[in-house]
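Reader: Hi! I'm new to this one, could you walk me through it?
Author: Happy to, let's have a look together.

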Amino acid sequence: MSYQFELNQSNRSLRFPVILMAAIVCTVIAAYAFAACGDRNPDQARASEPVGATSSTPPPPPTPPSTPKPAPGITRPPTFEMADSAYRERRYDDATVLFKTYTDSRPKNAWGFYMLGLSAWKSGDREQAESAFVQALTIDSTHVKSHLNLSRVLLESGQPDSALEHIEAAIALDSTSSEPLRLQGRVFESQGKNDDAIVAYQRGIVKNDSDTWAMNNLGALYIRLERFEDAIGPLARANEIDDKVATFHNNLGMALESTGRFEQAVEQYRSALSIEGTYGKAVSNLQRVQQVKQDPSITPVDLAERSKQFQDQISKW
């Protein structure tokens with residue numbers, strides 16, 4: 001006798017064998033740690049901001065006017081350009097040292113402390129990063145990027161309440177951006193306020209209907225809540241806008257796998273690995289799903305149609 005398990009999602013009943021479905025749910029929840037929230041750029045390490053992912057950071061600020069080069073034989077502090085060049089080349093330890101020296105000689109430059117904060121954070125020194133962002137805000141309390149990146153550091157340090165204060169300040173200073181709302185969603189998730197997190201991500205997407213990381217985070221949260229059908233729409237849309245992010249493909253693969261669409265899940269995991277061949281979670285997910293036989297009674301989902309349906313929902317939020 002074959003025992004059946006019924007799972008209702010989005011007004012749809014899906015039937016799977018008990019053992020198979022239990023395995024699917026367990027693997028999904030376990031795999032969620034892979035790339036849960038995504039608020040990072042594709043080239044950055046995965047941290048919790050993004051169902052992802054070390055957090056993402058925005059591009060560095062515009063370079064200020066060039067500082068005259070010292071005459072031969074005269075030693076002067078490093079210029080902003082020198083330090084910024086090290087940061088852009090991802091030599092974060094060097095950038096931290098250079099920006100530290102730069103800010104010592106220019107203690108009133110908020111951008112210098114902001115870049116010191118970014119460099120220290122990327123090099124793994126959250127304590128120095130926090131101190132630098134705080135100093136930038138002491139100089140200029142309206143520095144939105146410092147509020148946002150300080151909130152990211154505080155989130156990573158397990159201080160969501162403190163992070164929320166800076167996110168709310170950023171929202172008050174810039175009501176047009178989706179980024180503070182995306183971060184607000186992360187804070188609410190960390191506080192267990194899942195409904196509030198969903199609303200925050202939705203508000204972010206309303207502000208910017210091309211915010212792929214807000215879509216990714218929303219889809220990832222739905223996966224964690226086992227709302228797998230609901231997760232497909234935002235993840236399909238994120239991939240439609242930007243199909244070069246491995247995390248988006250991997251998360252969409254998880255949503256498809258969890259609804260029994262193993263063949264489509266395999267396609268997404270392979271897409272993730274074609275972008276980032278060393279993506280460990282996608283490797284594990286692909287190896288697991290390739291061993292599962294597709295149930296012929298389960299029809300593939302039209303991802304383009306799900307993306308369209310999701311876009312239609314945005315206007316109603």
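Reader: Which residues is A255 in contact with, leaving aside its neighbours within four places in sequence?
Author: A255 is in contact with I223, F228, A231, I232 and L235, where contact means heavy atoms within 4.5 Å. This is a predicted model, where local features need pLDDT of at least 70 and side-chain atom pairs count only at pLDDT 80 or more, while totals for chains, interfaces and linings use all residues. Residues are numbered from 1 along each chain as its sequence is written, and side-chain values use heavy atoms, leaving out hydrogens and water.

Reader: Thanks! Is A255 buried or exposed?
Author: A255 counts as buried, because its relative accessibility is 0%; buried means under 20% relative accessible area, with a 1.4 Å probe and protein chains only.

Reader: And how far apart are the C-alpha atoms of A255 and I223?
Author: They are separated by 6.5 Å, although A255 and I223 lie 32 residues apart along the chain.

Reader: Where is the place of A255?
Author: A255 sits in helix α12, residues 246–258. Helices here are DSSP runs (H or I, at least four residues), numbered from the N terminus.

Reader: New topic: which residues of α6 meet α7?
Author: On the α6 side they are V144, H147, L148, L150, S151, L154 and L155. Their partners in α7 include P160, A163 and L173.

Reader: Last one, how much of the protein chain is buried?
Author: Buried residues are 50% of the 317 residues in the protein chain.

Conventions: Helices (H or I, at least four residues) and strands (E, at least two) are DSSP runs, numbered from the N terminus.
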